Amino acid sequence: MYSSRGDRIMVAFIYVFLTVFSLSTLYPFLNAIAISLNEGLDTAKGGITLWPRSFTLENYEVVFQDERLMSGFIISVLRTVVGTISAILATAIFAYGMTKRELMGRKFYMLMCIFTMYFSGGLIPTFLLIRNLGMFNSFWVYIFPSLIGVWNMIIFRTFFQGLPQGLEESAKIDGCGNWGTLFRIVLPLSGPVIATLSLFTAVGHWNEWFIASIYISKEELLPIQTILKQILASNIVSEQTANLDAAAQAHMAQAKTVTSKSLSMATMMVATIPIVLVYPFVQKYFVKGVLVGSLKE
């Protein structure tokens, strides 16, 4: 298959490099899983690598009995689902409008969109705007400020421009307006780019914790990532246990082996695994979706 000795050496080097790189990427994740499944006191002795030395589920029992963490998990799920669907829909509608050459001021709108990619209003003006809009301590602060993504809009726009013009012309002959053409013709043909951008948007919503730390003071509206950040920022066991509810504190008192580190790792796994499980279902759309949405002949 490979004609020269140099080609074989290069291929062998690539395989070795990718293997080492993959292992170095996976190791921290696997180590965190092992610690979360290991007794906390035993973990404190050190030496836990890829497999728990003293297997236990007590760390996860404490996590799942903490109503605060479960409430944060629900908020994260709702935020990810509602935020992803609304953002993809709004961005696709905006991008479709930007493909229309007859749109007055189209270049000006595009310039304004690109301007926001380089400059923002700043934290204090944004905070004042969010407060004046009544979204402080509101679930919708997770949704509306990130409704339109300029980069996603550009990818959508380029993809839409690459579709055959005859499709829209045929739809118009059949009596479809712009809305009918978008929802009946354009979006059904945009599966790869929708799947790819939906995943990127969902991951962004799921992993984001900063917005809640600024605009949310009600504990019941905090997503699990912000709660996890608070837990990881607490290096003292008493600080972490003080934030647990009564049931979780009682269970942790009975579970003599649960420690600060083991509890943190278990919480991190609960916050990470759900979004990781999404990747296999849309992985096949990655390259196709992004490339098709980024290139135009």
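**Notebook: helices, patch, pocket, salt bridges**

I began with phenylalanine 115, which is found in helix α5. I am working on a predicted model, where local features need pLDDT of at least 70, side-chain atom pairs count only at pLDDT 80 or more, and totals for chains, interfaces and linings use all residues. Residues are numbered from 1 along each chain as its sequence is written, and side-chain values use heavy atoms, with hydrogens and water left out.

Phenylalanine 115 counts as partly exposed because its relative accessibility is 45%. My cut-offs: buried is under 20% relative accessible area, exposed is over 50%, and partly exposed is in between (1.4 Å probe, protein chains only).

Which helix gives the most to the nonpolar patch? Helix α5 (residues 106-118) does, with 8 residues.

**Whole chain**

I noted 17 helices and 0 strands. These are DSSP runs numbered from the N terminus: helices are H or I of at least four residues, strands E of at least two. Of the 297 residues, 41% count as buried. The accessible surface comes to about 17,400 Å², and 68% of that belongs to carbon and sulfur atoms. Areas come from the Shrake-Rupley method with a 1.4 Å probe; for residues, only the protein chains shown count as cover. Among contacts with a separation of 6 or more, 72% are between residues 24 or more positions apart. A contact means heavy atoms within 4.5 Å.

**Threonine 84**

Next I checked helix α4 (residues 67-98), where threonine 84 is found. Threonine 84 counts as buried because its relative accessibility is 9%. Leaving out residues up to four places away in sequence, threonine 84 touches Arg79, Ser198, Thr201, Ala202 and His205.

**Salt bridges**

I counted 3 salt bridges. The rule is a side-chain nitrogen of Lys or Arg within 4 Å of a carboxyl oxygen of Asp or Glu.

Arginine 79 pairs with glutamate 208, with the closest N and O atoms 2.9 Å apart. This pair links distant parts of the chain, 129 residues apart: arginine 79 is in helix α4 and glutamate 208 is in the loop between α10 and α11. Both residues are buried.

Lysine 100 pairs with glutamate 168, and here the closest N and O atoms are 2.6 Å apart. Lysine 100 lies in the loop between α4 and α5 and glutamate 168 in helix α8 (residues 165-173), so the pair ties together parts 68 residues apart in sequence. Lysine 100 and glutamate 168 are buried.

Aspartate 42 and arginine 53 also meet, at 2.9 Å, N to O. Aspartate 42 is buried at 12% relative accessible area, whereas arginine 53 is partly exposed at 44%.

**Largest pocket**

Last, I looked at the largest pocket. Its volume is about 690 Å³. Its lining has 31 residues, and Thr126, Val141, Pro145, Ser146 and Ile211 lie nearest its centre. On a 1 Å grid over the protein atoms alone, a pocket is an open set of points where a 1.4 Å probe fits, with protein on both sides within 12 Å along at least five of seven lines; lining residues have an atom within 4 Å of a point. Grid points are joined across faces, edges and corners, and the volume is the space filled by probe spheres set on them. Helix α6 gives the most to the lining, with 5 residues.
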